[in-house]
Amino acid sequence: MTDLSVARTAHQSAFDVDAIRRDFPILSQQVNGKPLVYLDNGASAQKPTAVLDAMDRYYREMHSNVHRGAHTLGDRATAAFEGARETVRGFLNAESTREIIWTRGTTEAINLVANGLAPRLKAGDEILVSHMEHHANIVPWQMIAERTGAKVVPIQVTPEGELDLDSFNSLLNDRTRILAITHVSNVLGTVNPVAPLIEQAKARGVVTLLDGAQAVPHYQPDVQALGCDFYVFSAHKLFGPTGIGVLYGKAQLLEEMPPYQGGGEMIERVSFERTTWNTLPYKFEAGTPAIAEAVGLGAAVDYLGGLNRPAMEAAEKALLDRANQLVETVPGMEVIGTAKHKVPVISFKIAGLHPSDIGTLLDQQGIAIRTGHHCAMPLMDFYGVPGTARASFAFYNTLDEVEQLFAALQKVQRLFA
Amino acid sequence: MTASKDTFVNNPLGKDTTLDDVLDGFEFLDDWEERYAFIIDLGKQLPAFPEQARIEENYVHGCQSQVWLTHHYDEDSGKLFLLIDSDAMIVRGLAAIILVALNGKSPRDLLATDIDELFEKLDLFRHISPTRGNGLRAMVGKIRDTAARVAVA
C-alpha cells in the first residue's frame, strides 16, 4: 500500500491486531475522506466495546447512588463500583482496596498528594522532580512549595532523553522530602529506571510518587515491587472513560494525610462541635463519585487482562522499531528522545516545518497526531524547540499505519518544498 | 517611522493581491493538496515583519505558533494598514487571506466585513477548524479590536 523502500523486519505474529481493532468501533471510520489513523494515544486512548457496554449496562440496569440506599439498586451500584476498585487493586498489585482512591485523573491525584504532604514541609525542604515532567507533576508541587517555603528541584535529562543519574545522585540529599517523577515520559516515551531511584530515596526516608499516566497503557506496574509510596494514572489513557483516575497510596501515609476535599461520603460523623473522617479510601472521596466511570475503568482493566500481554508488548515494540527504521525516509526529520528503553512514542521535528503545519496536513490525510508543547514546557526549553509533533501508538495500531504516517510525512514535505 | 510606514502601505496583500484573486484562485482547486499549496504560497507574500514590533502588546495569544500583529493608521487617508507574522507556514497563509480581505480599509469598512462569510465561501472552515490552534479567531479578534480602538480615537 505504500512503496516505502525500507523493508519490514518485524511481524505482528501471535497478536491478531485485526481482531483487536474490531473491539474499538471508533477506529473504523473515515476522517477527511481517508481511513482514520489514530496516533494520538498518548493524549487519550480509544475505548473498546467492553467499556462502552459496561457503562451502558450500568446506567440501564443498576444505577443508583453508592454506599447509601436501603434498596436493591443501591446494592447493585455499590457492588459494581467496589468491584471496579478491586479490579484496579489487582491490576496494580496493591495490598488492599483501602489504598485505591478514585480521583478525576492523574492531575487531581497529584494535587491531592501534594496537599496531603504539605503539612510535613517546611522552608528549605526540597521536592525532587525531573526536567521531563508533565506540568501536572510540576505545578502542584510549585504551589505547595510557595505555601511552605520548600523548593522544587529538577533532575537533569540527557540529550538522548534519559534521566541523568549523576544529576539525581547529586540532588538527592538530606533536604529532600519528596521524589515525584514520571514512570514514562509523555513527550519522549522514555521508560525511566524508577525502581532503583525509589530504593535510594526510601533509604533516606523520602516519600516517593510515580506519575504512571503514560506507563499503564503499555505496562502493568506492580506497586509493591516498585516500592513507591504513591502511583497515579488516568483511566482515559488506559482505554477507559474520561473523568476518573486512580491514586494508589500506601495505607499508612494515606492515614496520616489530611482529607483533600470536605463533603458527603468522606465523613464518619459531622457536628458543629467536631467532625471526624471516614476510613480509607472514602476519606479522600468527598461527594458522589464517578460511578459509571469507575465501572468503565474496571471493564478496561478486565479487557486488557484478556490480552496476551507479552505478545502485545512485542507488537508495540515492532511499531516503534518500524517507525525508527522509517525516519530516514523523511529528509530533515529528527526524533527527539532516543532513550534505549522506550514505549512506542516518537516526538519529532522536521527541518523548516512548524509542528502545527505538520499536524494540520497529516489531519488532511486522516492521521491524528499531537503537536505543541505537550504540557512539558521545561523539556521544550531544554531541547530549544517551541514544540514537537508526536505520534503515540497503542497496541491496536498496525505496521501499515506506521507506514502511512511516513508516506504522509513525505507528502507534507513535498508540499512545502 | 517613515520607513516602516512604507512597509505597511506597500503590503501587496489587499493591494496587488486582491480578494478576487484569492477567490478566483480557490475556484480551481480540487483537492486538499492544491488548496494548501495555494495557502502556503499566499503566505510567502507577507512582507518582512519589523523587528522592533515584536513586543508583547503585538503578540497574538491563543495560537500554537507564534503570531505577531502590528498596525499603522494613516490619518490622511483614514485607512488602517496591518502586518502579520508567524513561524508556521499555514498560519502565514491564513494571515495573508485575512489581510487580503481587511488590509488598507477604513476601520468602519473593516468592522463591517464579514470574515466568517469569506472563509465559508472559500470552504476553509470545513478544512481548517477555527478551534484547532491555528489562531484564526485570535488574529481576526485582535484586528477587529484594533480597528474599533482606532475608530473611537
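Two strands are taken to pair if DSSP finds at least two bridges between them. In the predicted model described here, strand E1 (residues 67–74) and strand E2 (residues 79–86) of chain B run antiparallel and are joined by eight bridges. Within this pairing, B:His71 of chain B stands opposite B:Leu82, which belongs to E2(B). The two strands form a hairpin in which four residues lie between E1(B) and E2(B), and B:Gly78, in the turn, has a positive phi of about 70°.

Chain B also contains a helix pair, formed by helix H3 (residues 32–43) and helix H4 (residues 89–102), whose axes come within 7 Å and cross at roughly 75°. Because angles of 65 to 115 degrees count as roughly perpendicular, H3(B) is described as roughly perpendicular to H4(B). On the side of H3(B), the contact is made by B:Tyr36, B:Ile39, B:Ile40, B:Leu42 and B:Gly43, while H4(B) brings B:Met89, B:Ile90, B:Arg92, B:Gly93, B:Leu94, B:Ala95, B:Ala96 and B:Ile97. By class, the residues of this contact between H3(B) and H4(B) comprise ten nonpolar, two polar and one charged.

In chain A, helix H2 (residues 49–62) packs with helix H10 (residues 291–305) at an angle of about 145°, and the axes of these helices are 8 Å apart. The crossing in which H2(A) passes H10(A) is right-handed. The residues of H2(A) that make the contact are A:Ala50, A:Val51, A:Ala54, A:Met55, A:Tyr58 and A:Tyr59, and those of H10(A) are A:Ala292, A:Val295, A:Gly296, A:Ala299, A:Ala300 and A:Tyr303. Eleven of the residues in the contact of H2(A) with H10(A) are nonpolar and one is polar, whereas no charged residue takes part.

The strands of chain A include an open sheet of seven, arranged in the order E4-E10-E9-E8-E7-E5-E6, with mixed pairing. Strand E4 (100–103) and strand E6 (151–155) of chain A are the edge strands of this sheet, each pairing on one side only, and the twist from one strand to the next averages 20°. Helix H3 (residues 72–92) of chain A lies across E4, strand E9 (230–234) and E10 of that chain, and runs at about 115° to E4(A).

A further open sheet in chain A has four strands in the order E13-E14-E17-E16, and its pairing is antiparallel. Here the edge positions, at which a strand pairs on one side only, are taken by strand E13 (333–336) and by E16 of chain A, and the twist averages 30° from one strand to the next. Strand E14 (residues 345–350) and strand E17 (residues 388–392) of chain A, which run antiparallel, are joined by four bridges; in this pairing A:Ile346 stands opposite A:Ala391 in E17(A).

A:Asp18 is found in helix H1 (residues 17–22) of chain A and counts as exposed, because it has 9 C-beta neighbours inside 10 Å. Although A:Asp18 and A:Thr398 are 380 residues apart in sequence, their C-alpha atoms are 8.5 Å apart in space. A:Arg322, which is found in helix H11 (residues 309–326) of chain A, counts as buried, because it has 25 C-beta neighbours inside 10 Å. The C-alpha atoms of A:Arg322 and A:Ser347 are separated by 15 Å, these residues being 25 residues apart along the chain.

The remaining feature concerns the contact between the chains. Twelve residues from chain A and 15 residues from chain B take part in the contact. On the side of chain A that touches chain B, helix H12 (355–363), strand E16 (370–372) and helix H14 (399–416) each supply at least two residues. Among the elements of chain A, H12(A) gives the most to this side, with four residues. The side of chain A that touches chain B is made up, by class, of four nonpolar, seven polar and one charged residues. Strand E16 of chain A, which contributes to the side that touches chain B, is also an edge strand of the four-stranded sheet.

Definitions and conventions:
Residues numbered from 1 in each chain as written. Chains lettered and ligands numbered in written order. Predicted model: local features only at pLDDT ≥ 70, side-chain atom pairs only at ≥ 80, totals over all residues. Axes fitted to C-alpha atoms, helices over the stretch in contact; angles between N-to-C directions. Left-handed = near helix turned anticlockwise from the far one by under 90°. Contact = placed C-beta atoms within 7 Å. Nonpolar A, V, L, I, M, F, W, Y, C, P; charged D, E, K, R; others polar. Parallel < 35°, antiparallel > 145°, perpendicular 65-115°, else oblique. Buried ≥ 20, exposed ≤ 12 C-beta atoms within 10 Å, placed from the backbone.
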